[in-house]
Structures are given as structure tokens and as C-alpha cells.
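Here is a short report for a first look at this structure. Keep the sequence and the 3D view at hand while reading.

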Amino acid sequence: MTAFVALLRAVNVGGTGKLPMATLKSLCVDCGFADVATYIASGNVVFTTRKSEAAVQKALAAALAEYAGKPVGVLVRTAAEMAGVLANNPFADAPPNRVVAIFLDAPPTAGCLAAASHVKEEKMALGTREIYVHYGDGMADSRLKIPAAAAGTARNINTVAKLVQMAAALAHR
């Protein structure tokens, strides 16, 4: 059994995509996932399964689309990959609530950060299938736009750390 973390895009943020976490947990169980646990109400779930990452993403996306009546973005990482996201944070010295990892389906292209607009004090760096952003002045007033991140979903490093902890506990069962 492999421990996975699934991150849903645009769920329970800014009044869009209402999805109770109990419903998300139930959908995951219906997909055949075990040891399902959610974390905060913004679409974070950890579980174990024998399915591949691609099969996990496909099954959960289909279940969510049926529930919501529209596609819901689902990004999936193994427990080990999620731990790598945390370990490879290039802004580890910054406050974790001011650093996000934007999770993507595929590796970002080398020049994608050059296309970012409205950059002020933000610092950006590429990860394996992530873009890291340090919001030096906080996110509230930032107008940063990164076209390569449009289909991704962001989690601050505090959330990433908690998901790593939860997934690691499942992986070591």
C-alpha cells in the first residue's frame, strides 16, 4: 500500500466549490482508498491504496466530477514526493505561512517564471512538479500572476508540513 496526498483545486476557497470534508472522505472510501483522513477544509486528503498515482487521480477526479457536476482539479503526490516538496523548499528560512508550493501536474518549464507578471517583493523558484513562491509582504496584497501555475493549486508550507506528517504516519504502518 502506498500513502498518497491528494490536493483539490478551488475547493471551499472564497465561497466556491463547496465540498464538506466528510463528503470528500466518503468519496475517497468509495474509490477504494483506505486510512482516509482530511486536513482543514480546503481539499486536502491523505490515504493509502495499491493503485498507481495516475489511477488515483483518475478515480478521484471522476468521483468529484460526478458529485460536483463539473470537473474538480486533483493533484496527487506520494508521501515520499510530498516529503521532497517540503525538504526542497528553497525558502526554508522564510516564515512558512509566507511561502507556498504551487502543485502542478507536470514539471514546470525552465522559462515559465519569466512570464510572471505583477511581481513586487515575491521570490519564485522551480521545484520538481511545483513552483515555490515566497510572499515577502504576505499574500493579501500580492497581484502576482504566474501563467504556468493557472491549473495548479497552492498550499502554504505549514499545510505541506502537516500533510507530510499525516502521510508519513500512513506510510509507516
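## A buried threonine

This model is predicted. Start with Thr159. Its relative accessibility is 9%, so Thr159 counts as buried. Thr159 lies in helix α4, which covers residues 157–171.

Which residues does Thr159 touch, leaving aside its neighbours within four places in sequence? They are Tyr39, Ile40 and Asn44.

## Where α3 meets α4

Helix α4 also has a helix partner. Helix α3 spans residues 79–87. The axes of α3 and α4 come within 9 Å. They cross at roughly 150 degrees. The crossing of α3 past α4 is left-handed.

On the α3 side, the contact is made by Ala79, Met82, Ala83, Val85 and Leu86. On the α4 side, the residues are Ile157, Val160, Ala161, Leu163, Val164, Ala167, Ala168 and Ala171.

## Cysteines without a bond

How many disulfides does the structure hold? The number is zero. A disulfide is a covalent bond between the sulfur atoms of two cysteines.

Take Cys28. The closest cysteine sulfur to its own is in Cys31, 6.2 Å away. That is too far for a bond, because a disulfide needs the two sulfur atoms within 2.5 Å.

Is Cys28 buried or exposed? Cys28 is buried, with a relative accessible area of 0%. Cys112 counts as buried too, at 6% relative accessibility. The cut-off for buried is under 20%.

Methods: Residues numbered from 1 in each chain as written. Predicted model: local features only at pLDDT ≥ 70, side-chain atom pairs only at ≥ 80, totals over all residues. Heavy atoms only, no water. Buried < 20%, exposed > 50% of the residue type's maximum accessible area, 1.4 Å probe, protein only. Helix = DSSP H or I, 4+ residues; strand = E, 2+ residues; numbered from the N terminus. Contact = heavy atoms within 4.5 Å. Axes fitted to C-alpha atoms, helices over the stretch in contact; angles between N-to-C directions. Left-handed = near helix turned anticlockwise from the far one by under 90°.
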